[in-house]
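I am opening this notebook to keep track of what I look up at the place where two chains meet. The entries follow the order in which I looked.

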Number of protein chains: 2
Amino acid sequence: MDKIKLPERATWQDLLKRPTLTYEDLEASARQIFKEVERTGDKAVQKYTQLFDGTRVEATAVSASEIRESAKLVSEELKKAIQTAKANIEKFHTAQKSPQRVVETSPGVRCWMEKRPIQKVGLYIPGGSAPLFSTLLMLAVPASIAGCKEIVVCTPPNAQGKIHPAILFAANLCGVTQIHKVGGMQAIAALTFGTASIPAVYKIFGPGNQFVTVAKQLATQYGVAIDMPAGPSELLVFADELANPRFVASDLLSQAEHGPDSQVILVTTSESLLDQVAVEIDIQLATLPRKSIAEKAMAHSKMILIDGIETALDMINEYGPEHLIIISEDEPFFIDGVQNAGSIFLGNYTPESAGDYASGTNHTLPTNGYTRQYSGVNLDSFQKSITFQRISKEGLMKLGPTIEVMAMNEGLEAHKNAVSYRLEALNNKTKV
Amino acid sequence: MDKIKLPERATWQDLLKRPTLTYEDLEASARQIFKEVERTGDKAVQKYTQLFDGTRVEATAVSASEIRESAKLVSEELKKAIQTAKANIEKFHTAQKSPQRVVETSPGVRCWMEKRPIQKVGLYIPGGSAPLFSTLLMLAVPASIAGCKEIVVCTPPNAQGKIHPAILFAANLCGVTQIHKVGGMQAIAALTFGTASIPAVYKIFGPGNQFVTVAKQLATQYGVAIDMPAGPSELLVFADELANPRFVASDLLSQAEHGPDSQVILVTTSESLLDQVAVEIDIQLATLPRKSIAEKAMAHSKMILIDGIETALDMINEYGPEHLIIISEDEPFFIDGVQNAGSIFLGNYTPESAGDYASGTNHTLPTNGYTRQYSGVNLDSFQKSITFQRISKEGLMKLGPTIEVMAMNEGLEAHKNAVSYRLEALNNKTKV
């Protein structure tokens, strides 16, 4: 992990550069797979599952008996943990329901906004080295609170054509309506076009490797929405003398073990903390099962000493981290000032892994600088707003002339007429 | 306007088909313009303005004196109308501020969400046949309420290299920070990459023709967000015996005058209303200045008689109109049941043009079926959410084991360690 002391502002851009993503080479594969899935549906899905996952899946849909069986394979301890996490996620996301307020903008002009669930959503749960039942909770719980009618999960099968029982257990717990054994680009294509067995959805959620990310971007060209563009996971820790170096090191490593392309940055005003964290990292890294992954991530990560909290805040906002840990005597200064971050963890006893699993906040967050303009997944991600308005006769008598003047000045006479005919009727007391 | 009586459900898809959009032919042009603007900045902007708008613009930025001059060119009547509309839009969008709620998900685990403005936004205001100062209000007012630091407007110059004074007046009134005389694909490219005079932004808003739409989609490949994909404007009216046919005809025509590709649909349970509306349309159409445009739109529009309100609701939700007018004795049934619509206008005295200009709701709405998964522009469009969490020692003692179990079951030991080291310290009462 590089140590950088008091870097010049001019060097920040380079210093905070993220690993480059190269999507363009993958776009051709994605287009090919989309074309085939659109044309031959399940047949193409089966072909690509065989090719990429090395297993033949006769029917993608997980059956009720598979779900029942899976429940027996999950330890009671894990079941309880999943239920606790689910309860917290549920509490936090339920609190995001918006109160409905009718606003009388002018006398007799009543406007309001109502949220309605997106009827059909697809949740992509990556496979690979870890069975991410936590991601399933993070997506299915808010989808269910929002009231989405069809909640379709796609997740790649293992070499035996199976899905990890903890994922099935969590999916069943959260009211998922269908689970399909399909991953990769072919899963995203299936959710985009629909096949005989997998329904088309209106919005696709969930993380994934670069193949899935490219496929999700392509899906938007076919009228499907996605939660957000995705990149490798990242963490920035700001810590001062208040911080426990052992804790800080463990947080940095928890991020680093995600993948070799994970990004980990420590920003500190304390040179001694910086040195202690470096020592702790070496100690803790030595015994990690995913040591080789974490080492690769640490190789391109940075420990940066800066001259004060104002500089630290500027650096945080320039980088815009997905995860931000603040362990500082100046915590309120950072809470006020941070503009760009996905989720923020405050104090010595709030490790990032709490948010990854069980504090209740969502772990599906913008990366790669997208915190500048995207929110993490939340209840609103599964809803859309509809505005309503109702104008009384008196209301239109009063506001109508304003509309007429504006419409005429935009050269839209039929827009004006829609008001004028009504005003005419009202002024003539025509019975309508 | 086609009259269709009691159509079979199997024919709905065809019946409700929207005019096809062909983007692919435009993508190559967009890529070319993006490449040039990225490379040569203002020079490329100037070149394409000359080519497409037929005018040479030496400096795109509108000066303070131009803004002052423009105020003199706007009638007092229009100024007052713009101010009234602004006040209503402001009231409705200010009411969308979310209350901040701290949720204690588990004892000692406090989570909350805060909204922060997107720092830099670009607003595209189309030129063409109408000076759309109303669109400027719809975008700049919520941007300003959200607290966006840089609000950059781009709008094409006319043949004299000028911008309509009403647009400048409205922009100045709403706290826009910069206005540039540039339109089309080159404007979107400039907002994406930035030039010497036009700043790069994080999110681009606003309607536009198919060129602008394709350019906005391309911008998303360069890390910029957009409000929503756009298509031609559309209106569906459901009306029964309660409706005044003259009013209904005027609403249909106000939509039709937008453009030849506008989509207009009347759904009714009353055959006599259908016939009366058809007669009224012919009468009203005859005197419209934009008659030839409206006629083209009406040519592919539909009047559909159906057998009852349940069928009507299904048809509305299948089509998912941008604008929906409900004039019906069964209004509450529709308010409850509509899932897919952008903005809804209720009763005989709520013309769509009220929402286009001055009721207070936003007129930037999803079209082309995107109401299934997108909201119209609202205050949240200019903000993103950041989640926060703070866990007390006691909180982590209680929740920690849940996190440990989940992390181990996902095979992520460093995630577990981040909790374990802390629990160890707490259990040993180590001073930290």
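Which strand of chain B pairs with strand 14 (residues 383-391) of chain A, and in which sense, parallel or antiparallel? I looked this up in what is a predicted model, and I found that the partner is strand 13 (residues 343-346) of chain B, joined in the parallel sense over four bridges. Within this pairing I noted Phe388(A), which stands opposite Ile344(B) in strand 13 of chain B.

Next I turned to the extent of the interface. I read that 121 residues of chain A are in contact with 122 residues of chain B, and that the two chains bury about 10,700 Å² between them, with 58% of it on carbon and sulfur atoms.

I then looked for charged and polar links. For polar contacts, the count between chain A and chain B came to 70 residue pairs, both residues being at pLDDT 80 or more.

Last, I asked what makes up the side of chain A that touches chain B. Helix 17 (residues 413-427) of chain A gives the most to that side, with 11 residues, and I recorded the residues of the side as 54 nonpolar, 44 polar and 23 charged.

Notes. Residues numbered from 1 in each chain as written. Chains lettered and ligands numbered in written order. Predicted model: local features only at pLDDT ≥ 70, side-chain atom pairs only at ≥ 80, totals over all residues. Heavy atoms only, no water. Contact = heavy atoms within 4.5 Å. Buried area = accessible area lost by both parts, 1.4 Å probe. Polar contact = N/O pair within 3.5 Å; in protein donor to acceptor, adjacent residues only side chain to side chain. Helix = DSSP H or I, 4+ residues; strand = E, 2+ residues; numbered from the N terminus. Nonpolar A, V, L, I, M, F, W, Y, C, P; charged D, E, K, R; others polar. Pairing = 2+ DSSP bridges.
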